[in-house]
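Student: Please walk me through one part of this structure up close, with the distances and the cut-offs behind each term. I would like to start with the ligand and then follow the charged side chains.

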Amino acid sequence: MKRKTKMVHGGITGDDRTGAVSVPIYQVSTYRQPEAGKHTGYEYSRTGNPTRYALETVTAELENGNAGFAFASGMAAITTVMMLLKAGDHVVLTDDVYGGTYRLTTKVLNRIELGHTFVDTSDIEAVEAAIQPNTKMLYIETPTNPLLKVTDLKKMKEIADKHHLLLVVDNTFATPYLQNPLDFGADIVLHSATKYIGGHSDVVAGLVAVNDEQLAEEIHFIQNSVGAVLGPQDSWLLMRGIKTLGLRMEAIEKNANKIATYLDQHPNVEKVYYPGLTSHAGHNVAEQQAEGFGGMIAFDVGSGEKADQVLSKVDYFTLAESLGAVESLISIPARMTHASIPKNRREELGITDGLIRLSIGIEDVDDLIEDLAKGLN
Ligand SMILES: Cc1ncc(COP(=O)(O)O)c(C=O)c1O
């Protein structure tokens, strides 16, 4: 099955009993058992729910894995994956990970003595140097949020194999339509499905996929034990989003390419971060490991005041956190999504006060460019 067909026909589709073409929403917590200790495959909806299971099945298929898992948020998915580790273990993470992942690692997981080191994972030698005897996991985002840094998945797999590490990839920005880290040997791929997979700014959710029976069993055990599962209504909304993921990503990427090129030649823009530009440091690696460059662009206008001027002029870009929806969004990472990262750390990373992040939507690209021009000129 080709990629776009998989989005429509993958997983469990419809309902055999009634012929309904969409999976029913099983709004149920418990299931009648034929006799004590026997059940029909479902006993309690934290453990398993048919609507969630249909979503989990298509998730596994989209990522070329053997099992998928749906959670109440991207952070719930990440927390569940981190629970594979134990006190005293150490994890190496991409240095500009999503602010919430940074907060979870440095302010919550540290309480159970899980060690961490943040490195630029686009620098292979830096990753090798960060590995300690107790390192158990290599956790990467590619492309990263908000600087769109690209990490070489093949090289990360080599390092993970050499040091017996679990390789975990947050694939939120690329989506399973454009990049499949399990194909490169990653052990776990995860998503904030709140973003492109849902795609309509109306659901908060997280997804995980693996391609290993034992890992699948362990993640299901933790999913059921921790209990941060996705409800049936939201599971259904994500399945609906998945049907158009391919179409949306194609439209979004076409717009993003044009907008990145426009910004790149604009005299009032100091720097543009978009992996689709040949000048981007990660362009070649992104080209090799993904089917496209996605819809996220960051650009630096030099100061917080200038960034505010852009924000005050745009009409079609909604000032909001989040990304990956049909409508274009604009944000200032330093004051919004990445505010939980200390200022000196942000500056080290390049997340300056003048950095603006765009999540490109499916509007007419001429309107979007005209809108940005008002703020920049
Ligand atoms: C790359 C990335 N990973 C994880 C998350 C967390 O997901 P959620 O907000 O669904 O908990 C986000 C949220 O913005 C994100 O951008």
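This is a predicted model: local features need pLDDT of at least 70, side-chain atom pairs count only at pLDDT 80 or more; totals for chains, interfaces and linings use all residues.

Tutor: Happy to. Residues are numbered from 1 along each chain as its sequence is written, and side-chain values use heavy atoms, with hydrogens and water left out.

A polar side-chain atom of K195 is 2.6 Å from a ligand oxygen, and one of D170 is 2.7 Å from a ligand nitrogen. M75 takes part through its backbone, with a polar atom 2.9 Å from an oxygen of the ligand. On its own the ligand exposes 390 Å², of which the protein buries 91% (accessible areas by the Shrake-Rupley method with a 1.4 Å probe; for residues, only the protein chains shown count as cover).

Helices here are DSSP runs of H or I with at least four residues, strands are runs of E with at least two, and both are numbered from the N terminus. Seven of the nine residues of α3 are buried, so the helix is largely enclosed by the rest of the structure (buried means under 20% relative accessible area, exposed over 50%, partly exposed in between, with a 1.4 Å probe and protein chains only). Those buried residues are G74, A76, A77, I78, T80, V81 and M82. At the start of α3, a side-chain oxygen of S73 comes within 3.3 Å of the backbone nitrogen of M75.

Now for the charges. The structure holds 16 salt bridges, each being a side-chain nitrogen of Lys or Arg within 4 Å of a carboxyl oxygen of Asp or Glu. K86 and D89 form one at 3.4 Å, N to O. K86 counts as exposed because its relative accessibility is 53%, while D89, at 6%, counts as buried. Together with K136, these two residues are linked in a network of salt bridges.

K149 pairs with D120, their closest N and O atoms being 3.8 Å apart. This pair links distant parts of the chain, 29 residues apart: K149 is in the loop between β4 (135-141) and α6 (153-162), and D120 is in the loop between β3 (115-119) and α5 (124-130).

D96 is buried yet has no salt bridge, and K149, its nearest side chain of opposite charge, is 4.4 Å away (Lys and Arg count as positive, Asp and Glu as negative; His and the chain ends are not counted). The side chain of D96 does make a polar contact, at 2.9 Å, with the side chain of T144. A polar contact is a pair of N or O atoms within 3.5 Å; within protein, one must be able to donate a hydrogen and the other to accept it, and residues adjacent in sequence count only if both atoms are side-chain atoms.
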